[in-house]
Amino acid sequence: MCAMPHNWIPTLSVVIAGASLAAPAGAELVVSGVDEVLERNILAFTALDDEACDAEDWLIRRRSRTLRDEVRKALEPFGYYQPTVSTDLSFDEDCWQAKLTIDPGDPVRYRDVDVRIGGPAASDPAFSDLPGRDKLRTGNVLRHADYDRLKQRLQTLAADRGYIEAGFEASRLEVWPAEGVADVALHFASGPRYDFGEIRIDQSFVEAEIVRGFIDLEPGTPYDATELTQTYSDLSQSLYFGSVEVTPEIDSAADGAIPIRISVQPGTRIEYTIGVGYSTDIGMRFRAGYRNNRINTRGHRLLADANLAQTVQGLSAEYRIPLGDPRREWFSITGAAYVEDYDTFENDAQRLGVRWTRTMAGDWLRTVSLDVSNESFVVGEDIDTTRLVVPGISFDRKVADRDIFPTRGWRLGLELRGTDEAIGSSTSYLQLVTRARWIRSLGEDNRVLARLALGATASKDFNRLPPSVRFFAGGDESIRGFDFDSLGPLDAEGNVIGGANLLVGSIEYEYHVRGDFYGAVFVDAGNAFDGMDFAPETGVGVGVKWRSPVGLIRLYLGYPLSADDRKVRVHLRLGA
């Protein structure tokens, strides 16, 4: 190894600077007189622009002699047929430089435009508002790409709509450069529109009714490629099928119908999942999941989860049976056992239930349920074991532009449930719960998020109701600045025992900082209460969100405006 002198840094700097000064000028073709779009196309057409400094002089001169023709060819697609082009080529000891000065002249404009759609497609609404058709109008500047795109769109749309015999009776673009005009004739004959023919399904691992439940195609209805795309999507997302092919057999079309062949292969049957997360409400949490996507040929499923956290541990399972349309209707048998140990209450619960879920008009998800539970709990001075047989009905609807980090959307959930001693419960109650969320973008990267929770309970013996029925407030998803479930009516000893009613609202402004990081400011307010004795608590604060590779991480600092103990509380959530 050689020793480098102590003054090597300034010496090296001088060498680099000298090398930079001695570097030869690069080959350059400078274009002036046209806009950026035309300049890019000109440089793409010219062979000279690809030559390096060490190219032979004779080759550079030959390339320069073709510049005028190349410029004209580059400008013609944009309607400029009579440009004035001057060139200037020079050499120095190291390289060549060339200049193009261009006056594109007046563009050619459309004069006679005759676009006709004949046959049944003339009355098809899909053809009446064809994108790009308005660009081919008398007086508009000629653009070859607009003409080509319209031709391609007519052919593509015809194929997508089942006009498989469609073709052009005339397709002409005639340019008269001296007159500065162009004439267009596009006469498109659609021929008859074909229908969906026989639906042929190739598979043998589930009952045919299960596959057909994902297919809305009906033989005898007009062919539409978008319905094939939807069928492919529904089958692919079902989790029953791994490989999906939906193929229109155009070559076998006859008697005005196109047969459709659907081939599916089995998807992954058994899935295991492991998850980890954290929130200040329940602490560190671990989850292990098991899913059998296809227990039998009738499409039954089994889902099971084990959850372990500092404050709650439990097991849950669901056996799901598809009904009719498996995308929109199913019957479930559910079971759960869990233990909760919070500062406010303790609860040891077991629950068994059945559910009938169906998608209604307007994409409302309706669930009719019946749950039987046994809960042993401690809330303040209330220590009891309660058995409940609870029928209920709920409605839920979500509208969003995307599932992950939506920019606009809303969700509304309504649930009515209750029980009576006459059907085997230890006590009676009736409860209505409404939860709503709303998201809207402001500008490109900022969002406003709002949520509202309302609840009302009628009960003749509130002290016998377990924590799962009572309302509490405070925590990460309630009123930030307060501990989890720390707000609500108090007993004689000052313990929070929960309320019969709930009203909590929140509004948050989220702004993009940089990359995957966002800042937020928020105001949360509300409380759990009895009767009309509503005393709202308020929390305000700031937050940071990171859209990390493992999910959204949210850190909030909440400050309680209305608490006696006014200190900043940290709210951290890792995971959805």
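A residue is taken as buried when its relative accessible area is under 20%. In this predicted model, Tyr-223 has a relative accessible area of 4% and therefore counts as buried. Phe-196, at 1%, falls under the cut-off too and is likewise buried. The two side chains also meet as an aromatic pair: the ring centres of Phe-196 and Tyr-223 lie 5.1 Å apart with the planes at 45°, so the arrangement is tilted. This pair joins distant parts of the chain, as Phe-196 belongs to strand β7 (residues 195-202) while Tyr-223 sits in the loop between α7 (208-212) and α8 (225-236), 27 residues apart.

Across the whole structure, a search returns 16 aromatic pairs. Among them is Phe-127 with Tyr-163, whose ring centres are 5.7 Å apart; the planes meet at 80°, so this pair is edge-to-face. Here, too, distant parts of the chain are linked, with Phe-127 in helix α5 (residues 125-128) and Tyr-163 in the loop between α6 (144-160) and β5 (167-176), a separation of 36 residues. Phe-127 and Tyr-163 are both buried.

Aromatic rings also gather into a cluster, formed by Phe-205, Phe-214, Tyr-240 and Phe-241. Elsewhere, Arg-447 lies over the face of Phe-405, 3.9 Å from the ring centre.

As for confidence, the protein chain has an average pLDDT of 91, and 95% of the residues score at least 70. Residues 1-24, however, have a pLDDT below 50, and this stretch makes 1 contact in the model beyond near neighbours in sequence.

Terms used
Residues are numbered from 1 along each chain as its sequence is written. Side-chain values use heavy atoms; hydrogens and water are left out. pLDDT is the predictor's confidence in each residue, from 0 to 100. Contact means heavy atoms within 4.5 Å. Rings of Phe, Tyr and Trp (its six-membered ring) pair if their centres lie within 6.5 Å; planes under 30 degrees apart count as stacked, over 60 as edge-to-face and the rest as tilted. Helices (H or I, at least four residues) and strands (E, at least two) are DSSP runs, numbered from the N terminus. Buried means under 20% relative accessible area, exposed over 50%, partly exposed in between (1.4 Å probe, protein chains only). A charge sits over a ring if NZ of Lys or CZ of Arg is within 6 Å of the ring centre and within 35 degrees of the ring normal.
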